[in-house]
2 protein chains.
Amino acid sequence: MERTRLRRHPELASCDTEDMDEILQESLLCHVAFLDDGLPVVIPSTFGRIDDQLYLHGSPLSRMMGVIASGAPVSVAVSLLDGLVLATSAFDHSMNYRSLVVFGTGRSVTDSKEKRAALDSIVDHLVPGRRPLLRPMTDKEINATMVVAIPLTEHSVKLRTGPPGRSEEWPVWTGVIPIHTVAGDPIQAVSDRDGGSTPPLPDQVAEVVRSLNEENTSAS
Amino acid sequence: MERTRLRRHPELASCDTEDMDEILQESLLCHVAFLDDGLPVVIPSTFGRIDDQLYLHGSPLSRMMGVIASGAPVSVAVSLLDGLVLATSAFDHSMNYRSLVVFGTGRSVTDSKEKRAALDSIVDHLVPGRRPLLRPMTDKEINATMVVAIPLTEHSVKLRTGPPGRSEEWPVWTGVIPIHTVAGDPIQAVSDRDGGSTPPLPDQVAEVVRSLNEENTSAS
């Protein structure tokens with residue numbers, strides 16, 4: 001499609017749906033652009049995904065949710081920075097990255113089964129394996145949350161990997177500084193009821209930390 | 001101003017310019033929203049900053065650069081994810097983050113002194129200390145690059161820190177998983193002229209790695 005065809009640097013385009021899947025899987029944030037009184041606004045957000053639907057949630061009072069729920073046009077970017085590419089000239093400096101940009105129109109998710117599945121997908125995306133351990137959602141909580149869907153069908157993926165593209169005679173180090181998103185040691189919430197003792201870290205949280213660190217230090 | 005007043009969760013708003021400075025300093029990417037044929041588009045980009053001007057650069061053939069250079073309205077988000085906030089219910093899960101959203105109109109930077117300073121600011125932002133070591137920019141490179149400025153004056157900063165806001169009786173671990181952006185071991189570009197030998201990592205690159213890791217593991 002015209003909107004998703006890359007005019008610049010078509011060699012950086014990817015048509016591989018595995019790239020899209022990987023970007024969506026590894027990214028914890030997306031950036032959502034919409035129009036507010038005709039002007040562009042971009043806001044960071046968490047998200048979930050089921051098949052070809054991207055799900056966002058928020059308060060029914062938020063501008064962003066209202067605009068997207070109305071069926072307005074929206075664009076969503078999901079970007080992973082993988083490395084700083086250091087060349088001999090400023091001009092040849094670059095970034096290694098994987099980036100997905102989606103174009104579509106929003107849809108309010110009102111069907112209670114889809115809404116619940118969408119909310120589940122957001123929790124599952126952020127902290128895989130945690131949802132079965134949580135106090136179940138109440139109807140009141142679900143009603144107080146707005147969920148919108150954006151189809152992933154119209155999208156473009158761009159990525160860059162590898163060393164600087166050009167080498168010149170100049171006495172400066174060139175190469176790539178890999179950039180990783182990693183998890184630190186979990187910090188337990190202090191609660192009155194546990195009297196300050198620190199129970200061992202549950203397997204589920206340790207697994208999330210391990211998985212984040214493994215996933216995000218494998219690419220460069 | 002109306003556009004930058006936070007309607008939702010005003011308690012998360014920050015009017016501290018130090019917060020804005022810190023977000024701009026620590027983030028390597030921004031997300032730029034603009035209109036293309038009346039539809040919102042969001043694209044990730046590197047950036048530089050001098051005082052109250054945010055600078056973007058790109059090819060004169062890029063849609064984004066053309067639209068912004070024309071003086072069209074634009075919004076830029078700069079977001080740092082600091083942690084996953086794990087509560088007892090899905091509803092109370094959250095993120096710790098620092099986020100800046102800028103609203104303004106673009107301006108093409110044509111003055112050669114400002115243009116050069118803007119390009120310098122982008123390199124200085126990504127790899128501090130490296131610019132003096134590089135082969136200097138040529139006029140041809142500068143002419144082949146488009147630079148646009150967006151004023152930082154109209155902006156909003158939102159941030160969340162700390163543990164989950166609410167504690168309920170439920171047998172699940174609650175707390176925060178800190179998220180950090182870190183640099184890995186630099187990977188040297190292989191060049192014909194060094195015959196495969198690996199010179200020691202120069203101080204400047206080692207310093208960038210150290211600085212990235214220090215900066216980004218201090219917050220949670």
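Reader: What share of the contacts in chain A with a separation of 6 or more comes from residues 24 or more positions apart?

Author: In this predicted model, such residues account for 76% of those contacts in chain A. Chain A contains 5 helices and 12 strands, and 41% of its 220 residues count as buried.

Reader: How do you know whether A:Ser27 is buried or exposed?

Author: The cut-off for a buried residue is 20 or more other C-beta atoms within 10 Å. A:Ser27 has 21 C-beta neighbours inside 10 Å and therefore counts as buried. This residue lies in the loop between helix H1 (17–26) and strand E2 (30–36) of chain A.

Reader: Which residues does A:Ser27 touch, leaving aside those up to four places away in sequence?

Author: A:Ser27 touches A:Val78 and A:Leu80. The C-alpha atoms of A:Ser27 and A:Ser79 are 7.1 Å apart, although 52 residues separate the two in sequence.

Reader: What makes E4 and E5 of chain A a pair of strands?

Author: At least two bridges are needed for two strands to pair. Strand E5 (residues 53–58) of chain A is joined to E4(A) by 3 bridges, and the two run antiparallel; therefore they meet the requirement for a pair. In E5(A), A:Tyr55 is the bridge partner of A:Gly48.

Reader: Which strands of chain A form the open sheet of 4 strands, and which of them are called edge strands?

Author: The order in the sheet is E4-E5-E9-E8, with antiparallel pairing. Strand E4 (48–50) and strand E8 (107–108) of chain A are the edge strands, since each pairs on one side only. Helix H3 (residues 112–126) of chain A packs on this sheet, where it touches E4, E5 and strand E9 (146–151) of chain A. The direction of the helix makes about 120 degrees with that of E4(A).

Reader: What do E2 and E3 of chain B form together?

Author: E2(B) and E3(B) form a hairpin with 2 residues between them. Strand E2 (residues 30–36) of chain B is joined to E3(B) by 7 bridges, and the strands run antiparallel. B:Cys30 stands opposite B:Ser45 in E3(B). Strand E3 (residues 39–45) of chain B is mostly covered, as 5 of its 7 residues are buried.

Reader: How do you know what kind of axis relates the two chains?

Author: A rotation of 180 degrees, with 0.0 Å of shift along its axis, superposes chain B on chain A with an RMSD of 0.0 Å. That is the relation of a two-fold axis. Of the residues of chain B, B:Thr181 comes closest to the rotation axis, with its C-alpha at 2.2 Å. The same surface serves both copies, as 100% of the contact residues of chain B recur in chain A.

Reader: How many residues of chain B are in contact with chain A, and how do they divide into nonpolar, polar and charged?

Author: 77 residues of chain B are in contact with 77 residues of chain A. Among the elements of chain B that each supply at least two residues of this side are E2, E3, H3 and helix H5 (203–216). The residues of the side of chain B that touches chain A comprise 49 nonpolar, 20 polar and 8 charged.

Reader: Which strand of chain B pairs with strand E11 (residues 175–183) of chain A, and over how many bridges?

Author: E12(B) pairs with E11 of chain A in the antiparallel sense over 2 bridges. A:Gly175 stands opposite B:Gln188 in E12(B).

Reader: What span is expected for helix H3 (residues 112–126) of chain B, and what span does it reach?

Author: At 1.5 Å a residue, 21 Å is expected for this helix of 15 residues. From its first C-alpha to its last, H3(B) reaches 22 Å, which is close to that value. Its buried residues include B:Leu119, B:Ile122 and B:Leu126. The buried residues of H3(B) pack against elements of both chains, including strand E6 (73–86) of chain A and helix H4 (139–143) of chain B.

Conventions
Residues numbered from 1 in each chain as written. Chains lettered and ligands numbered in written order. Predicted model: local features only at pLDDT ≥ 70, side-chain atom pairs only at ≥ 80, totals over all residues. Buried ≥ 20, exposed ≤ 12 C-beta atoms within 10 Å, placed from the backbone. Contact = placed C-beta atoms within 7 Å. Least-squares fit on C-alpha atoms with pLDDT ≥ 70 in both. Expected span 1.5 Å × (residues − 1). Nonpolar A, V, L, I, M, F, W, Y, C, P; charged D, E, K, R; others polar. Axes fitted to C-alpha atoms, helices over the stretch in contact; angles between N-to-C directions.
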